[in-house]
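Walk through this model with the viewer open. Start with helices, then turn to the ligand site.

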Amino acid sequence: MTRTVLPATAELRDRARAGLERIGASVPEGSGLRARTPITGEDLFGLAATTPAAAEAAVAAAHEAFLTWRTTPAPRRGELLRRLGELLREHQGDLADLVTVEAGKIRSEALGEVQEMIDICDFAVGLSRQLYGRTIASERPGHRLAETWHPLGVVGVISAFNFPCAVWSWNTAVALACGDTVVWKPSEFTPLISLACDRLLARAADEVGAPRDVHRLLLGGHDIGERLVDDPRVALVSATGSTRMGRAVGPRVAARFGRSLLELGGNNAAVVAPSADLDLAVQGIVFAAAGTAGQRCTTLRRLIVHRDVADRLVARLSAAYAKLPVGDPFDPDTLVGPLISTGALDGMLDALARVQALGGRLLAGGQRRLADAAPQAAFVEPALVRVDEQSDVVREETFAPLLYVLTYDTLEEAIALHNGVPQGLSSSIFTRDQQEAEFFLSAEGSDCGIANVNIGTSGAEIGGAFGGEKETGGGRESGSDAWRAYMRRATNTVNYSGRLSLAQNVSFL
Ligand code: UN1
């Protein structure tokens, strides 16, 4: 199903401008960078990119602010996040508008993305009173052994277009609570939402009396991001994007003994067992695979279905895919908005052609839509393809709504297929058999950072640690104890005995 009417670029420009005005953000109009909308594929504004000198000054200012911020008591730091959370609540609709205009997300997903920001601010307020260290039993009498967590320094955040503000907020809210300061290099596709977030944080900082330079924004391309990668004042580089990007960033940061936190590609799969509740599975699969037009790093890309239920499930999925409304993400009936660019569409069509050449059968979707109405936009029907083997193309991440269906006979075989890809972000099993579910979650089961039962691969809550293994990069962000990556640990031995005693019974002098 395709909805044929798209808003005009001028209308989207007005909508973005109105949201930015309500937030109090101004657009640094100029050249070097452009804000565009994937809804029509056309430009909204020309923007001034950050110059190398300004980027240098931003890192210096964030470093200077760190020297004050690290000594501000953590619960006081939490007040900044409380205020930011209030401002995000107040402007949830405006921010969601910007997410839809720039990233093409449907309304409920755009609101959901802003909700993640609000939730992580709440989390960070609580965290600001819970940066606990351990006290450890010392082997020596009259000694105390403890660990203390200290702020780390400037955190460089490099984020992607598909979660243009939530991923920033997971990093920034936690880093600020931990006493770090942040320099953010967002995706070139989403400068407006970045300007809005930066403005709201600046407003919150002014209101609570925090240093303004706890946060700085850099707008530009790779070259600007590379400055964060190479600058020794940037203690941690938290980068979200492709595995290719991570391969470049990780070793460069490591070469200067900096820390990196990488959230890279996923090739997420769901196993559907014979006992699965198929009603629930169909709903979970369609959201995970076609939601966000397949552009989440947690998007479901492979379905591993038991042979006994494969035909039934595939028939139901094909029927559901045929009814997915593709089109204007501002239309409340649309479920699938545009891909970010025609380049992303080319990548999908290329993967489809390759997999079909290898014998893959296209069961539903895969056609470009609205090309006449918006030739520079990239609307596409989510595609479902049945394959007999996990070929190279299936083992790659194609960042688009393309779901491969494989079949299995034994759970061991399903798990071998499941783990037989280079990426390790998210995974799930649909089953009503407790043994199978537990096996899937065990050390011999899914090798991913996220493993779910009876829920799809995408849409993680902020309370858990988010990230994955293997080529996904190993980083963990957001909730649980992911905060530890944003702090440095000091181990303290305090001798209150009045006598010197050495560990391991060593005697000397
Ligand atoms: C991403 O796609 O980079 O789990 C992040 C999810 C979202 C975050 C995805 N909460 O799908």
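Helix α7 is mostly covered, with 13 of its 18 residues buried. This is a predicted model. The helix α7 covers residues 191-208. From its first C-alpha to its last, α7 reaches 26 Å, close to the 26 Å expected at 1.5 Å a residue. Just after α7 comes glycine 209, with a positive phi of about 80°.

How many of the twelve residues of α6 are buried? The count is twelve of twelve, and α6 is mostly covered. The buried set runs from Ala166 and Val167 through to Leu176 and Ala177. Among its members are Trp168 and Trp170. Ser169, Asn171 and Thr172 are also buried.

Check the length of α6 next. Just after α6, glycine 179 takes a positive phi of about 95°.

Val167 leads on to the ligand. This α6 residue is buried, and Val167 is also one of the residues that surround the ligand. Asn162 and Phe163 belong to the shell too. Others in it include Glu116, Thr240, Arg296, Cys297 and Thr298. Ser458, Gly459 and Ala460 complete the list.

What classes of residue make up the shell around the ligand? Four are nonpolar, five polar and two charged. Domain 1 (9-264 + 473-489) and domain 2 (268-466) each supply at least three residues of this shell.

Methods:
Residues numbered from 1 in each chain as written. Predicted model: local features only at pLDDT ≥ 70, side-chain atom pairs only at ≥ 80, totals over all residues. Near = placed C-beta within 6 Å. Nonpolar A, V, L, I, M, F, W, Y, C, P; charged D, E, K, R; others polar. Domains from an automatic or database assignment. Buried ≥ 20, exposed ≤ 12 C-beta atoms within 10 Å, placed from the backbone. Helix = DSSP H or I, 4+ residues; strand = E, 2+ residues; numbered from the N terminus. Expected span 1.5 Å × (residues − 1).
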